[in-house]
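User: I'd like to learn how to read a few features off a model. Can you walk me through this one?

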Amino acid sequence: MTDKTGFHIDVNGLKAVSAAYSMYIETYGCQMNVNDSEVVASILAREGYAVTQQMEQADLILINTCSVRENAEQRVRGRLDVFRMEKKKRPGLLVGVMGCMAERLKEQLLEEEKVVDLVVGPDAYRELPQLVRNAGTGQKAVNVLLSREETYADICPVRMDRNGVSSFVSITRGCNNRCAYCIVPYTRGTERSRSPETILDEVAGLVTAGYREVTLLGQNVDSYRWQNGHVVSFPRLLEKVAAVSSGLRVRFATSHPKDMTDEVLHVMAAHSNICKSIHLPVQSGSNRLLALMRRRYTREWYTDRIEAIRRILPGCGISTDIIAGFCTETEADHAETLSLMKQAQFDHAFMFKYSERPNTPAAAKMKDDVPEKVKSRRLQEIINLQGRLSAESKQRFIGKTTEVLAENVSRKSPDELSGRNSQNTVVVFPKKRYAPGEYVQVRITGCTPATLQGTAE
Ligand code: SAH
Ligand code: SF4
Ligand code: F3S
């Protein structure tokens, strides 16, 4: 954040340091990238760089990128075209690409995109000050070394959220799962966990700064494991984070079905400030496809996990990710995905067409053989079904009262607040005397496909 005098307001306005330069950071991809951009803002703040929201004012533009699907990369290429125009107007401007696309393409990015001055992978952000200095002298700079240890544990991220209510805290980096379709293990490296002490310190700092919600982040949070004399597993970490403050809501993502234990569910049940919402990506309802995808669970295992959630945490929100048209997928496989969706009654889903990613196991060994038209049709069927399930999930709240953490003044009306309930559904209600950061009991009177509407009690 920069105020009008050019001072950089460090972490939540606690202290002000003078800023010599300004940087503009655009973030794509997952929540982990959002948190990484905050880490980068912190690393560069020490070099005198303050965050600006105006690209036209920036001395340095950074784009934090995602490679998970082809269209994620195309979006970034489109943005680089915009930065090229900006650089034509202001030749001194520096442009850096960070994140997963930087890791995947490395030097190739400098060759293909002349506008780019520096390329930095997810484990090399501590080198950014040096890379920026080199780029400033006209030397193109690249560092894409992956690390087995880096967790940026000691870095206090500069929060770039606008509301000061809800924030992300990374607890693991990387992934060891190597699902056949997925690029993440190659762009993020091996999985490593961050020490519980640094996580708890960061969470306590957020509470002091007025935050009311944290989301613990990792590609597979259930495999969190810290060993230093004693072992801290994910359920133990979750308990410790929940104990920091009863006024702080705790969320986490993502849970891998193969690792999600009843123990985690019991910890959630025992702490009223742990939100009753689980993101449990299924990808496919067909056992044949799940095996080809190397997900390491079966449909039966997955539905058993759903039943455990329903039993231990009645009313818990469940969301998922689904891929349509993975290699060799037949109509029968697709029908199994639709039937699993109905069985699980997901409240929300992120749905994608399979996109072959270079150098993944699937790209090396399998043919991307489902025609584009068939993929699109199957995806549409999945979207249509989820639309119905999502609507039913919202209708179940009508007439009930649900606790909402107010986060923002609604984009549509200054007289309305929006926030989420424990199940992670967005709720909009008249503002009255309430403000962002407050817990509000809202009686639900209606819904749209994406949100609940109600009145504060
Ligand atoms: N770690 C999480 C997911 C990370 S990627 C997990 O294991 O569930 C987020 C989602 O992107 C995945 O769940 C998957 O549905 C989707 N995805 C990943 N690679 C993809 C690809 N090549 N094509 C289409 N969707 C993909
Ligand atoms: Fe990708 Fe699988 Fe790791 Fe998730 S668990 S990030 S889908 S490899
Ligand atoms: Fe994308 Fe990398 Fe996240 S590929 S989904 S930004 S880990």
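Analyst: Let's start with a parallel pair: strand 9 and strand 12 (residues 213-217) run parallel and are joined by five bridges. Strands pair if DSSP finds at least two bridges between them, and strands (E, at least two residues) and helices (H or I, at least four) are DSSP runs numbered from the N terminus. Within that pair, serine 170 stands opposite leucine 217 of strand 12. Some ground rules: this is a predicted model, so local features need pLDDT of at least 70 and side-chain atom pairs count only at pLDDT 80 or more, while totals for chains, interfaces and linings use all residues. Residues are numbered from 1 along each chain as its sequence is written, chains are lettered from A and ligands numbered from 1 in the order in which they are written, and side-chain values use heavy atoms, leaving out hydrogens and water.

User: Which way do the side chains of strand 9 point, and are they buried or exposed?

Analyst: In a regular strand the side chains alternate between the two faces of the sheet. Here Ser166, Phe168 and Ser170 point one way, Ser167 and Val169 the other, and all are buried. Buried means under 20% relative accessible area, exposed over 50%, and partly exposed in between (1.4 Å probe, protein chains only). With five of its five residues buried, strand 9 (residues 166-170) is therefore largely enclosed by the rest of the structure.

User: What is the strand order in the open sheet?

Analyst: The six strands go 4-3-5-6-7-8, with parallel pairing. At the edges sit strand 4 (49-51) and strand 8 (141-143), each pairing on one side only. From one strand to the next, the twist averages 20 degrees. For one pair inside that order, take strand 6 (residues 94-99) and strand 7 (residues 118-120), parallel over three bridges; valine 97 has valine 119 of strand 7 as its bridge partner.

User: Which strands does helix 1 lie across?

Analyst: Helix 1 (residues 31-45) lies across strand 3 (21-27), strand 4, strand 5 (60-65) and strand 6, at about 170 degrees to strand 3. Angles run from 0 to 180 degrees between N-to-C directions, using axes fitted to C-alpha atoms, for helices over the stretch in contact. Contact means heavy atoms within 4.5 Å. Helix 2 (residues 70-89) lies across strand 3, strand 5 and strand 6, running at about 175 degrees to strand 5.

User: Which residues of helix 12 are buried?

Analyst: They are Asp333, His334, Thr337, Leu338, Leu340, Met341 and Ala344. Among the elements covering them are helix 11 (299-312) and helix 14 (372-395). After helix 12 comes glutamine 345, with a positive phi near 55 degrees.

User: Where is serine 286, and which residues does it contact?

Analyst: Serine 286 is in the loop between strand 16 (277-279) and helix 10, and it is buried, with a relative accessible area of 1%. Leaving aside neighbours within four places in sequence, serine 286 contacts Asp333, Glu336 and Thr337. A polar contact of 2.8 Å joins the side chains of serine 286 and aspartate 333. That term means a pair of N or O atoms within 3.5 Å; within protein, one must be able to donate a hydrogen and the other to accept it, and residues adjacent in sequence count only if both atoms are side-chain atoms.
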